[in-house]
Amino acid sequence: MVTLEVESYLKGALGPMLRFRVPGGELGRFRSIVVGAPAFAVDQRVVVFLGARGPSVPYVLGLSQGVFRIVRALDNSGWLVTPPAILPAGAGTVAAGPIVRGDPSRRALPLADFEQRVLALAGGPR
Amino acid sequence: MRRSLALALVAAMVFGSVQPALAYLKFGVTVGGAQMTLKWAQTPVRYFVTDQGVSGVSATDLQAAAGRAFATWQAVPTASIAYQFAGFTAAAPGRDDGLSTLGFRSRPELDRVLAATSFVVDAATGTLVESDIFFNSAFPWSVAPAGEANRYDFESIALHEIGHLSGLGHSALGETELREGGGRRVLGAEAVMFPIAFVAGSIAGRTLKADDIAGISDLYPDGDFNQALGSISGRVTKDGQPIFGAHVVAFDVARGSVVGTFSLNAQGDFSAGGLSPGPHVLRVEPIDDADVESFFEAARTVDVDFRVGFIDRIVVVPRGGDSGEITLRVVRK
């Protein structure tokens, strides 16, 4: 189980403290490791995409595909998130075509911009 | 995100992965403060198969297709890994019972995960106790020899997961495209260990590529692997500073094959072994199109803020030796 102190919700609301399930863990001297399961550390900032089925503990969608790390800009100008290639720049969809590595236009986004793009996809304000 | 997106087979290496040789991505575990490569100490690796099939794939089909995938890895002439089918079991994969088990499980909540591999490790010794592979029965599967439209090829996915079971991490040797209306599709992959699957119906993932062969041979070297082949090593820098996580690709000019590796420490060092002797072209690129955690543990900061670069000369790989230190300089975006 992972517990987050929530700063804000982009969609839905589950309270100021949020717990969700991630596969793997330790029992005694044995460690269970699931390839693909995200790892978390105390004080990390993240954007997580969660799902739930019925009255159950939420789970992170698509294992680490549902986790985006928030990192401080090298010049300390703010917090950044690296968006997935499929996230459009604004409302609508991204242009079809090959994804080219090293494309200068693909950069980490300020957290607020990332949130706005997600909100646009989610269909409206929080 | 929608189901029509390309599906990740698995998503991340969740723990340390750096090898002393700084080659390829492997799984590792920290024992007593020291990093150990996670690999099987004894072979053949014995595995069980669940006795439950799904629509279109019986338990017998499952065992046969998994057996073909294991045989493909075992057939690599420069690697010593071997596997042995130990029987059917009623136990589902994911049960920590000391037995390595492959089988279907219904995991509808993992709606972008076709299959995943797990390990149980003795944290006191670093010993690999078991490794299970589950295939998500929420998806349609096929074992048809030529594939089947709209169904995922079990053998292809098994081949990828067995690479993990053997200790290999992901390779970044693949190219994808965004589709009209959303979603992502693999255009081509030069490694079975590329983290995104081909579209349903494709059987392109049944064949190991040079990168897979180099990786498994590096983990379990056999015969004259180290004498007959060679390596390229060096470091990647940006603004004179070493960078971590740069993807370095060695293109074999004579054979047309490619092998990839990463700069894997704070000094920016990289190494690619198992290369055929002869001329190679080197390219360095950021993995800025991917889920970085598909390749590295979350705690590492991977630099993706640079442009693609090439070395300005041909690098000749010597037989049984190394190219010598090569510096790849990149510039920020």
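Two strands pair if DSSP finds at least two bridges between them, and the strands themselves, like the helices, are DSSP runs numbered from the N terminus (strands E, at least two residues; helices H or I, at least four). The model on screen is predicted, so that local features need pLDDT of at least 70 and side-chain atom pairs count only at pLDDT 80 or more, while totals for chains, interfaces and linings use all residues. Residues are numbered from 1 along each chain as its sequence is written, and chains are lettered from A and ligands numbered from 1 in the order in which they are written.

**A sheet across the two chains**

Select β10 (97–98) of chain A with β10 and β11 of chain B: these form an open sheet of three strands in the order β10(A)-β10(B)-β11(B), with antiparallel pairing. β10(A) and β11(B) stand at the edges, each with a single partner strand, so one side of each is left without a neighbour in the sheet. Two bridges join β10(A) to β10(B), and A:Pro98 has B:Glu177 of β10(B) as its bridge partner.

**A second pairing, and the interface**

Next, select strand β4 (residues 30–34) of chain A, which pairs with β6(B) in the antiparallel sense over five bridges; here the bridge partner of A:Val34 is B:Ser118.

Now widen the selection to the whole interface, where 50 residues of chain B are in contact with 35 residues of chain A, contact meaning that C-beta atoms, placed from the backbone, lie within 7 Å. On the chain B side, β6 (115–122), β10 (174–178) and β11 (184–189) each supply at least two residues, and the largest share, seven residues, comes from β6(B).

**Two helices of chain B**

Move to helix α1 (residues 59–74) and helix α2 (residues 154–166) of chain B, whose axes come within 8 Å and cross at roughly 50°, the axes being lines fitted to C-alpha atoms over the stretch in contact, with angles running from 0 to 180 degrees between N-to-C directions. Among the residues that make the contact are B:Phe70 and B:Trp73 of α1(B) and B:Leu159 and B:Ile162 of α2(B).

**A buried aspartate**

Finally, select B:Asp305, in the loop between β17 (278–285) and β18 (309–310) of chain B. Is B:Asp305 buried or exposed? B:Asp305 is buried, with 20 other C-beta atoms within 10 Å, where buried requires 20 or more, exposed 12 or fewer, and partly exposed lies in between. B:Asp305 touches B:Arg332 and B:Lys333, not counting residues up to four places away in sequence; B:Lys333 is 28 residues apart from B:Asp305 in sequence and 5.8 Å apart in space, C-alpha to C-alpha.

Key:
Contact = placed C-beta atoms within 7 Å.
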